[in-house]
Every structure is written in structure tokens, then in C-alpha cells.
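User: Hi, I have a structure open and would like to talk it through with you. Could we start with the terms and then look at some details?

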Amino acid sequence: MSRQQTTEPDMAMTDAMSADDATPRGALAKIEHILRTQSGDDPAAEMTLGELSDAMEERAFGLLILILALPCCLPFVYLLPQLVALPMVVLAWQMAMGRRAPWLPDALRNRKLPVAGLLDVVDRTRRYGGGFVERLAHPRLVGLTGDRGTRVIGALMVVPCLSILVPLPLTNTVPGFGVSLVAVGLIERDGLFVIGGLVIGLAWVLLLAVGGPALIYYLVGLLAG
């Protein structure tokens, strides 16, 4: 009897440790795990935004925004940024309104994304230094990622997300990187990442808003003169 009592807790502890080891660590690993789990081995598989959102469970806002922002901040990625920009705006606005979990209208929820393309984006992000940046994230200034802080973050993040929505040069790569940093900060409870991402995204949009018209005026004057 005593042997059974000492063995069962050990077995429970072993199972818990195994489950913990099986849980992917890091935002990119979590995203890759979700994509592979949902799609199996089908290279032509597609997932809807609704399926992605449902699979992400806790911290769904951060994970979903990150997976949508990654195609926007990598060079030579086409089509995906145009598919994901509007959902990013919707998600950021919902955060600002205080929602605890993402909600997508049917038109966006049923939007399909290629799993192979998303996995390629995750792999390229690692190769371009995303894995190193991700390892730097850890819980800091966690109060910024609480309920009140998340509402402010969502409101500010709407601005760079709208910039990504504009189909013009220079409007998506840097804001996409900023939004990605914010998303990693939300996932890892790292307020420093959140601040850095917001500064990058908002500063770039401000630069475009101020410098863009001046550059156009200069070029027009140069061509006319």
C-alpha cells in the first residue's frame, strides 16, 4: 500500500514534467506547433483565420497578431501582407475596446491562409534573426501587459496596422516589425518589447506622414525645374 502511495505521485510528477517538456517555448515555436498540429503533413493545407484563432487559446491576441504581422516585416513576401492587414486592424481595435479574446466577423474568420506559406515565414523569421530577438524577451514591466495596459496598447497599435493596410512603398515593413515586437511582448509579458515596438511603429508612421509629402513636393519641383 505504501509502495503504491509513493509511486503514484512520482508518476503524476513525471507526466506533468513530460507535458511541460512537450509544450513549445517561445512565440515562433508556439505558432509553428499550432500550424503543424492543425494541418498535419499536407503541404497544400489551408487554415482559416477562425481556425487559427480558436487553436491559440490563451494569449490569442498576441499570437494571432504576431502570425499576421510576420509576413509584413519580411522582405520579398508578397500577397500575404495584403491578406492580413485588415484583420490586424480589427484585432488591435478589439484590444482597445477591452475584449478578452479575439472575435472576427465571418468575412474575416473564413479567410483562408496557406499553411506552407506561414511556416515558410516563421522559418525565414528565425533565419533573419527573429529567433535571437525572441530569446531576449522575458517578463519585464508586466503591468504594461495587464488589462488596462492592453487597451492602451491596442489603441496605439491601430496606427501602424493602418499603415500596413496602405498599399504604398515603405508603409508595411517597418510598422510590421514594430507590431511584431509588440505581439512578442504581449505573449511573453515583456513591457519593454511592447514599448520598443510601439515606438518603432509610431515613429515610422510619423516620419512617413511628415516626410512623405515633403519628398513628393521636392521630386515634383525637381522634375518641373
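Analyst: A residue counts as buried under 20% relative accessible area, as exposed over 50%, and as partly exposed in between. Please keep in mind that this is a predicted model.

User: Okay, so is Arg 36 buried, exposed or partly exposed?

Analyst: Arg 36 has a relative accessibility of 46%, and therefore it counts as partly exposed. Its side chain meets that of Glu 32 in a salt bridge, at 3.2 Å from N to O, and both residues lie in helix H2, four residues apart, which is about one turn of the helix.

User: How many salt bridges are there in the whole structure?

Analyst: A search of the whole structure finds seven salt bridges. One of them joins the side chains of Asp 54 and Arg 109, at 2.4 Å from N to O. Asp 54 lies in helix H3 and Arg 109 in helix H6, so this pair ties together parts that are 55 residues apart in sequence.

User: Switching topic, what about helix H9, how many residues does it have?

Analyst: Helix H9 has 16 residues and reaches 23 Å from its first C-alpha to its last, close to the 22 Å expected. Because 13 of those 16 residues are buried, H9 is largely enclosed by the rest of the structure.

User: And how much space lies in the largest pocket?

Analyst: The largest pocket holds about 460 Å³ of space. It is lined by 22 residues, and those closest to its centre are Arg 59, Phe 61, Arg 99, Arg 100 and Thr 150. Helices H3, H4, H8 and H9 each supply at least two residues of that lining.

Technical notes. Residues are numbered from 1 along each chain as its sequence is written. This is a predicted model: local features need pLDDT of at least 70, side-chain atom pairs count only at pLDDT 80 or more; totals for chains, interfaces and linings use all residues. Side-chain values use heavy atoms; hydrogens and water are left out. The expected span of a helix is 1.5 Å times one less than its number of residues. Buried means under 20% relative accessible area, exposed over 50%, partly exposed in between (1.4 Å probe, protein chains only). On a 1 Å grid over the protein atoms alone, a cavity is a set of points where a 1.4 Å probe fits but cannot get out, and a pocket is an open set with protein on both sides within 12 Å along at least five of seven lines; lining residues have an atom within 4 Å of a point. Grid points are joined across faces, edges and corners, and a volume is the space filled by probe spheres set on the points. A salt bridge is a side-chain nitrogen of Lys or Arg within 4 Å of a carboxyl oxygen of Asp or Glu.
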